[in-house]
Amino acid sequence: MNANALTALATALAVLVVFLLLMAPALVGLRHERRIDRQLAAAERGEDRSPEGDSAQNSSSRSTVPSTATWYADGRRSKKLVSS
């Protein structure tokens, strides 16, 4: 191989690498959407195909501790009422 052939090969490989780097997020998103489509189709058929299976947490068993945002907002409201 001469220098021109090696340069052409290196350029082609560089273009291929850049193309794959640009396409990777789109391919990951497509895979994610297909998984969601399969889950929706299974839900319509009445199948349980969730990753957790039978050990899924029920909404009634969730913690009742308020989030940090709620705590912060309540604190701001009480300070506002006191100062006015």
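Is Glu-47 buried, partly exposed or exposed? Select Glu-47 and you'll find that this residue is partly exposed, with a relative accessible area of 40%. (Buried means under 20% relative accessible area, exposed over 50%, partly exposed in between, with a 1.4 Å probe and protein chains only.)

Before going on, note that this is a predicted model, where local features need pLDDT of at least 70, side-chain atom pairs count only at pLDDT 80 or more, and totals for chains, interfaces and linings use all residues. Residues are numbered from 1 along each chain as its sequence is written, and side-chain values use heavy atoms, leaving out hydrogens and water.

(The term covers a side-chain nitrogen of Lys or Arg within 4 Å of a carboxyl oxygen of Asp or Glu.) The structure holds 1 salt bridge. Arg-45 counts as exposed, at 52% relative accessibility.

Next, colour by secondary structure: the chain has 2 helices and 0 strands. (Both are DSSP runs, numbered from the N terminus: helices are H or I with at least four residues, strands E with at least two.)

Stay on helix H1, residues 3-45, and pick Met-23, which lies there. Met-23 is partly exposed at 31%. It belongs to a nonpolar surface patch whose members include Leu-20 and Leu-27, with about 1,000 Å² of accessible area together. (Patch residues have over 30% relative accessible area and no salt bridge; like charges are joined within 9 Å, nonpolar side chains within 5 Å.)

Last stop: Arg-31, also in helix H1.

How values were computed:
Areas by Shrake-Rupley, 256 points an atom, 1.4 Å probe, with all protein chains shown as cover.
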